[in-house]
Amino acid sequence: MTTQPPFTELDLNAIAERRWVDRGDFTDAEFARARAFYEQMRVHDDRLEQVRADAAAMISEWTGHKPRDVGSFGTRLNLETSDLDLGIGYPAEDRDRLRAALAPHTTFLGERKTRYSTSRLVFSFKLDGIEIDLSALTVEDFAVACRMLDQIDVTMTLDERIAHTWVKHLLRSSGRTEEYATWKLTTYARFCTEFNWVPIPEKTAGA
């Protein structure tokens with residue numbers, strides 16, 4: 001059942017359908033609320049950065065590959081409840097060895113499509129109470145992902161990040177689960193059309 005979201009002047013239905021939002025969609029009052037919320041999310045940065053650094057060091061030790069943040073914290077689009085998502089590039093022919101190396105330390109969540117002809121392996125573990133998802137992409141796909149993330153870093157404005165995060169919060173807090181799952185991918189889809197950006201259902205407890 002859909003619950004009432006925080007007060008908003010946005011046409012949330014139209015924005016969710018359009019799959020993008022920017023400063024021009026906001027009144028000054030609405031954007032002030034969005035900015036205040038975004039600043040609240042940034043309070044968690046120091047802790048998340050430390051956990052991410054520790055997780056990255058562990059992954060490097062387990063796999064021999066240095067990971068990169070491929071999730072919402074890396075793009076500064078996270079909510080306070082967001083997991084950390086790290087990725088590595090791994091030769092497809094070595095994936096069995098990778099699974100064996102990670103088996104003592106992680107839970108294997110499965111194989112998911114990345115492009116229409118390639119896939120990634122997804123693992124999970126917890127560190128300091130935060131769930132860490134690790135995606136092992138093909139070397140080529142990881143290179144594409146890194147180029148995309150570099151472009152987001154350079155191109156996406158602070159106002160766009162504030163606007164995107166506010167809509168993400170509104171969708172999640174209103175219980176609009178499917179639209180929220182799709183919205184989380186809109187930035188990636190906008191900056192990288194090469195991947196198959198299919199929403200992944202929210203994990204249930206124990207999943």
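Me: Where is the place of Asn-196?

Reply: Asn-196 is in the segment after helix H8 (186-191); helices (H or I, at least four residues) and strands (E, at least two) are DSSP runs, numbered from the N terminus. The model is predicted: local features need pLDDT of at least 70 and side-chain atom pairs count only at pLDDT 80 or more, whereas totals for chains, interfaces and linings use all residues. Residues are numbered from 1 along each chain as its sequence is written, and side-chain values use heavy atoms, with hydrogens and water left out.

Me: What makes Asn-196 count as buried?

Reply: Its relative accessible area is 17%. The term buried means under 20% relative accessible area, exposed means over 50%, and partly exposed lies in between (1.4 Å probe, protein chains only). Asn-196 is therefore buried at 17%.

Me: Which residues does Asn-196 touch, not counting those up to four places away in sequence?

Reply: Asn-196 touches Lys-113, Thr-114, Arg-115 and Tyr-116, where contact means heavy atoms within 4.5 Å.

Me: Why is the pair of Phe-26 and Phe-31 called edge-to-face?

Reply: The structure holds 4 aromatic pairs. In the one formed by Phe-26 and Phe-31, the separation is 5.4 Å centre to centre, with 85° between the planes. Rings of Phe, Tyr and Trp (its six-membered ring) pair if their centres lie within 6.5 Å; planes under 30 degrees apart count as stacked, over 60 as edge-to-face and the rest as tilted.

Me: What makes the pair of Phe-108 and Phe-123 tilted?

Reply: Phe-108 and Phe-123 are 5.2 Å apart, centre to centre, and the angle between their planes is 50°. That angle falls under neither the stacked nor the edge-to-face limit, so the pair is tilted. This pair links distant parts of the chain, with Phe-108 in strand S3 (residues 107-113) and Phe-123 in strand S4 (residues 119-127), 15 residues apart.

Me: How do you know whether Phe-108 is buried, partly exposed or exposed, and what holds for Phe-123?

Reply: Phe-108 has 30% relative accessibility, so the residue counts as partly exposed. Phe-123 has 1% and therefore counts as buried.

Me: What makes Arg-99 a charge that lies over the face of Phe-108?

Reply: The distance of Arg-99 from the ring centre of Phe-108 is 3.7 Å. A charge sits over a ring if NZ of Lys or CZ of Arg is within 6 Å of the ring centre and within 35 degrees of the ring normal. The charged end of Arg-42 likewise sits over the ring of Tyr-38, 4.8 Å from its centre.

Me: How do you know that S4 pairs with S3 and with S5?

Reply: S3 and S4 run antiparallel and are joined by 6 bridges. S4 and strand S5 (residues 130-137) are joined by 7 bridges, again antiparallel. Two strands pair if DSSP finds at least two bridges between them, so both counts qualify. Glu-111 has Leu-121 in S4 as its bridge partner, and Phe-123 has Leu-134 in S5. A hairpin is formed by S3 and S4, with 5 residues between them. S4 and S5 form a hairpin with 2 residues between them, and Asp-128 in that turn has a positive phi of about 55°.

Me: How do you know that the buried residues of H4 are on the same side?

Reply: In helix H4 (residues 95-102), Arg-95, Leu-98 and Leu-102 are buried. They cover an arc of only 50° around the axis, which puts them on the same side of H4; the arc is that of the directions from the helix axis to the C-beta atoms. The face turned away from this buried side carries the exposed residues Asp-96, Arg-97 and Ala-100. Cover for the buried residues of H4 includes helix H3 (45-63), S2, S3, S4 and S5.

Me: How do you know that the radius of gyration agrees with that of a compact globule?

Reply: A compact globule with 207 residues would have a radius of gyration near 17 Å, and the protein chain has 17 Å, so the two agree. The radius is taken over C-alpha atoms, and the globule rule is 2.2 Å times the number of residues to the power 0.38. Of the 207 residues, 48% count as buried.
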